[in-house]
Amino acid sequence: MTLSTSRRRARTAVALTAGLGLLASACGSDSASDAENTDSEPATSEASEPAEETSDEAVTIDYFTFSAAPDHVEDLDAIIAAFEAENPSIDINVSTAAYGDYFTSLQTQLAGGTAPDTFELNYENFVTYARSGALLDLGSSGISTDRYYPLALEGFQDDGTQYGLPATFSDVVLIYNKTLFDEAGLDYPTAEWTWEDEQAAAEALTDADAGVYGSFQPVSFFEFYKALAQAGGQFFDADGNATFNSEAGVAAAEWLTSKPGTIMPTLADIGGTPDFDTNLFQSGKLAMWHNGIWQFNGLNESGVDYDVVVEPGMAQKANAVFMNGVVASSGTDHPEAAAKWIEFLTSSQTTVDTRLASSWELPAVNDEAAFASYLEVTPPANRQAVLDALDDIALPPVIERQAEMQDVVGQALEKIVLDGADIQETLDAAVAEVDDLS
């Protein structure tokens, strides 16, 4: 277990550690691959009547997070120090867990009536927790929402109720190895590229005998829903029926499943190797990589000569965005203090400056000036692509049984790749399964 506490709460570390024995140490933050691992059945918290608060009452607010440790504990501590300086009657007590353990621990705490006052949720899991009754309505707490990026703010509403505030966003871009393009005498990718452009370049750049591949795009739910949007399709129709077995869905599935073994390694080659694609790109063996902005720090340390561009589209542009938000437990004894902490953590200038300086994802604030310093940092030279991608956002489809839906789609795609299953028939069957879930 990794436990990070503010300076005034250090004395409580031993007691809290014993009480949260299920928590595991956190893995590196800034990994959107974590977003694919979702849990869809949270325990319902029994909401108690909030305790009366007075302005000078000393309270402790617990905060549970998966994104801070191990790389950004000190950044979070700096935000906490600034908050506590402005709010001397409120202490923030932080606990962290690796994403793979986080939701199991959170559900255990909710079921046992020991839920943290405030905690982090990703967009994909938010709806499930909101509809379980586990979350506090923040809209009635006097918070200001003017500073947030509108789409991010809406992402943490359910049926018009603001159950969470958006904390961060990360998006996916096309990362490319400039050296490999230069050696092949090919022009770099541009924002106007289509799938056909990428395919042609990838074929020219692939040399399987030398272990060099033209492109890498995971065969996964998250890549499929985005490719579906790029092909002009919809995952659900207006009535909530699954429609990803459309002509656009077939095109998206074919686009993804045709890559392994041709312009990228086979799924067998990849196997369960952690960070296979990261190592491939950093070793100079991968020309184009569909991945997120959380990779920048590692790439800069590796020394590979790279840049980024908005991902190619087909019928239209569509870019994947991952969002994390912060919520409060419906059973917290200190709703006003919890809401004050959440607002500071997600929108204060201290938070914005700290996140941008440390590349701890990006703050979900609607403030162009705030990102000026971020855009000046190189590499990559074309950081503007990170913000340009926000012009054509494709948010993942979300239902209460989210994890099961993701599994259905992921297994269908793997069946196409590994078994050579007919794409249309496989998507038809997956649509029927998803409709049964939603």
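Student: How many helices and strands make up the secondary structure of the protein?
Tutor: This is a predicted model, and what follows is computed from it. Of the 438 residues of the protein, 55% count as buried, and the protein exposes about 17,500 Å², of which carbon and sulfur atoms supply 45%. Its secondary structure comes to 18 helices and 13 strands.

Student: What share of the contacts with a separation of 6 or more comes from residues 24 or more positions apart?
Tutor: Contact here means heavy atoms within 4.5 Å. Among contacts in the protein with a separation of 6 or more, residues 24 or more positions apart account for 79%.

Student: How many aromatic pairs are there, and what kind of pair do Y63 and W341 form?
Tutor: The count comes to 28 aromatic pairs. For Y63 and W341 the centres are 5.8 Å apart and the planes stand at 75°; since planes over 60 degrees apart count as edge-to-face, the pair formed by Y63 and W341 is edge-to-face.

Student: How far apart in sequence are the parts that the pair of Y63 and W341 ties together?
Tutor: Both Y63 and W341 are buried. Y63 belongs to strand β2 (residues 59–65), whereas W341 belongs to helix α13 (residues 335–347), so their pairing ties together parts whose separation in sequence is 278 residues.

Student: Is the pair of F222 and F322 stacked, tilted or edge-to-face?
Tutor: The ring centres of F222 and F322 lie 5.4 Å apart. Planes under 30 degrees apart count as stacked and those over 60 as edge-to-face, with the rest as tilted. The planes of F222 and F322 stand at 45°, so the pair is tilted.

Student: Which elements hold F222 and F322, and are these residues buried or exposed?
Tutor: The pair links distant parts of the chain, 100 residues apart, with F222 in helix α8 (residues 221–230) and F322 in strand β11 (residues 319–328). Buried means under 20% relative accessible area. F222 has 3% relative accessibility and F322 has 12%, so F222 counts as buried, and F322 likewise counts as buried.

Student: Which residues form one aromatic cluster with F222 and F322?
Tutor: The cluster takes in F222 and F322 themselves.

Student: At what distance from the ring centre does the charged end of R383 sit over Y374?
Tutor: There are arginines placed over rings here, including R355, which lies over the face of W360 at 4.0 Å from the ring centre. The charged end of R383 sits over the ring of Y374, and its distance from the centre is 4.7 Å.

Student: Where do P379 and P380 lie, and what kind of peptide bond joins them?
Tutor: P379 lies in the loop between α15 (372–376) and α16 (384–388), and P380 is found in the loop between α15 and α16. T378 and P379 are joined by a cis peptide bond with omega of about -10°. Between P379 and P380, where omega is about 0°, the peptide bond is cis.

Student: Is D159 buried or exposed, and what is its phi?
Tutor: D159 lies in the loop between β5 (157–158) and β6 (161–162). With a relative accessible area of 79%, D159 is exposed. Most residues other than glycine have a negative phi. D159, which is not a glycine, has a positive phi near 55°.

Note on methods:
Residues numbered from 1 in each chain as written. Predicted model: local features only at pLDDT ≥ 70, side-chain atom pairs only at ≥ 80, totals over all residues. Heavy atoms only, no water. Phe/Tyr/Trp six-rings, centres within 6.5 Å; stacked < 30°, edge-to-face > 60°. Helix = DSSP H or I, 4+ residues; strand = E, 2+ residues; numbered from the N terminus. Buried < 20%, exposed > 50% of the residue type's maximum accessible area, 1.4 Å probe, protein only. Lys NZ or Arg CZ within 6 Å of the ring centre and 35° of its normal. Areas by Shrake-Rupley, 256 points an atom, 1.4 Å probe, with all protein chains shown as cover.
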